[in-house]
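I opened this notebook to keep track of what I looked up, going from one part of the model to the next.

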Amino acid sequence: MLRPRLDPASEIPLYRQLRDYLRGAILAGQIGGGGRLPTMRDLSEALGLHRSTVAAAYELLEQEGLVRTQVGKGSFVVKSFAGAGGRLAWDQLLGPLVGETPPAGPSPRDVISFASSRPAEDLFPMAELRATVDEVIGGRDVTSILQIGPPAGFPPLRLYLIEEARSQGMLREDEDLLITSGCQQALDLLERVLIRGGEHTVALEDPVYPGVRNLFLRSGARLLGVPVGEQGVEVEALARALSAARPRLVVLTPNFQNPTGTTIPLEARRAILKQVRKAGAVLVENDIYGALRYRGSPVKSFQQLDASGHVVRLRSFSKMAFPGLRVGWVSGPAPLIARMAEAKQLADLHSDQLSQAVLLRFVESGRLEEHLHRMLRAGLERLEAVEQAAAKHLPRGTKVTRTDGGMNLWVRLPEPLDAAGILPKAQRRGVSYLPGKYFWVDRREPGALRLSFAGLKTEEIERGVRILGDVCREEMREPRSDRVQLEPAVV
Ligand SMILES: Cc1ncc(COP(=O)(O)O)c(C=O)c1O
């Protein structure tokens, strides 16, 4: 018998509380594979909830891949197939997958893909990289670089990054720095050392980068989506979330947020810091895109503004140089960094030292700076191209966020367009993107999609957005009955 304890006074909406409860029951095996969930009508009557609240909870479970709904039959927990012929039943052992993940891997060559937030390969400075690798391999230290090293990172790179942070007014005496395999690993280590599933709440931007959402979803933490507006996360909504739900972590992307491209202004940063301190939470400043500012002036980081040790800052070479080298870093209060270094040692001993040494040489030789100049010039051209193409080709009523850097724009198509529904049509015409469903935490916007523009040439951007506009207009002209039925958004 399902007996969720739901709190109507909570900041977490009822459908999310119900979803969390049902997810727990499924993962704990209380409702087995193939088991049928109560009908929406029965459950809404039993719990005194509106039917749409139960429907929204079921839909989230379906998006996570835990439940399949069959029209006219009901909603079923996904089946785990028992192993046939004495084979190990891997599906049963592994359990269902949690969280919807965007398709991985490169798109076919003939597709104009706005789907990945990655630097452009045509801008990779290959001659400079070859020279850098030769210098490192030919250097006196190469044998020690190829040995096992310390978990905190390749010492010369670590020292370089510490000095750089100090020269920018960050990293006080009681703080430290750890090199990680990108920001993704830093987030994973934070989850490992700070979050106990079922006990803690994590506040995330909504919409958010799926790699963050799925990581914390898998941990069993309760997720709280805080809406992102035109100027990054909404300060008032975050204040309410902090006082009502007491999250342990607040994860924010201060500059050129993925997927919306928005930046949190200085005054909002100060206000957020005040709130975070008052609530005793940890603020994770995921500044992966900050170096990619194409216009306007930089805004002080949370870590520069904070003197109270509430901020952990993540950086990475992924977006400015070569994401495949997997080198990032995290800085913050020394006791936390020491715990993260311990957890990292258990995970992978340390990040690859050759990559770290190559990137250090790439920085010290001045090649990174030259490369960044080229990236910023190309980034501005590409940003202006996508803005102009969106204004020219997307249907009237489309809303596009404004950004001054990074790799992404968030597009909201007018009703009744459904970004996921029209994607196959766009793909058949040679254009791809990621619809909003991959990014939302609580707030569903069927018309939303992310355009990642940084990896495409200006002429591809113009052609791709034109095709997307054509697909939208054709879809709007089609008779209503042919269109996908849209669910009302739950806000
Ligand atoms: C917001 C955000 N965080 C983290 C990551 C992962 O970055 P890294 O390659 O440094 O692990 C990405 C990659 O796209 C991202 O957009």
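I began at the ligand, where I found 14 residues around it, the closest being Gly182, Cys183, Gln184, Ser316 and Ser318; a residue counts as near a molecule if its C-beta atom, placed from the backbone, lies within 6 Å of it. Helix H8 (residues 182–194) gives the most to this shell, with three residues, where helices (H or I, at least four residues) and strands (E, at least two) are DSSP runs numbered from the N terminus. By class I noted four nonpolar, 10 polar and no charged residues in the shell, with Ala, Val, Leu, Ile, Met, Phe, Trp, Tyr, Cys and Pro taken as nonpolar, Asp, Glu, Lys and Arg as charged, and the others, Gly among them, as polar.

I reminded myself that this is a predicted model, in which local features need pLDDT of at least 70, side-chain atom pairs count only at pLDDT 80 or more, and totals for chains, interfaces and linings use all residues. Residues are numbered from 1 along each chain as its sequence is written.

I then checked the confidence, pLDDT, which the predictor gives to each residue from 0 to 100: the protein averages 91, and 94% of the residues score at least 70. Over residues 480–491 pLDDT stays under 50. Where pLDDT is low, the predicted coordinates should not be read in detail.

Next I looked up the domains, whose bounds come from an automatic or database domain assignment, and which are given as domain 1 (14–94), domain 2 (112–124 + 369–482) and domain 3 (126–365). I found 28 residues of domain 2 in contact with 32 residues of domain 3, contact meaning C-beta atoms, placed from the backbone, within 7 Å. H15 gives the most to the side of domain 2 that touches domain 3, with seven residues.

Last, I turned to the backbone, where the peptide bond from aspartate 206 to proline 207 is cis, with omega near 10°. Leucine 171, although not a glycine, has a positive phi of about 60°, and it counts as buried because it has 20 C-beta neighbours inside 10 Å.

Note on methods
Contact = placed C-beta atoms within 7 Å. Buried ≥ 20, exposed ≤ 12 C-beta atoms within 10 Å, placed from the backbone.
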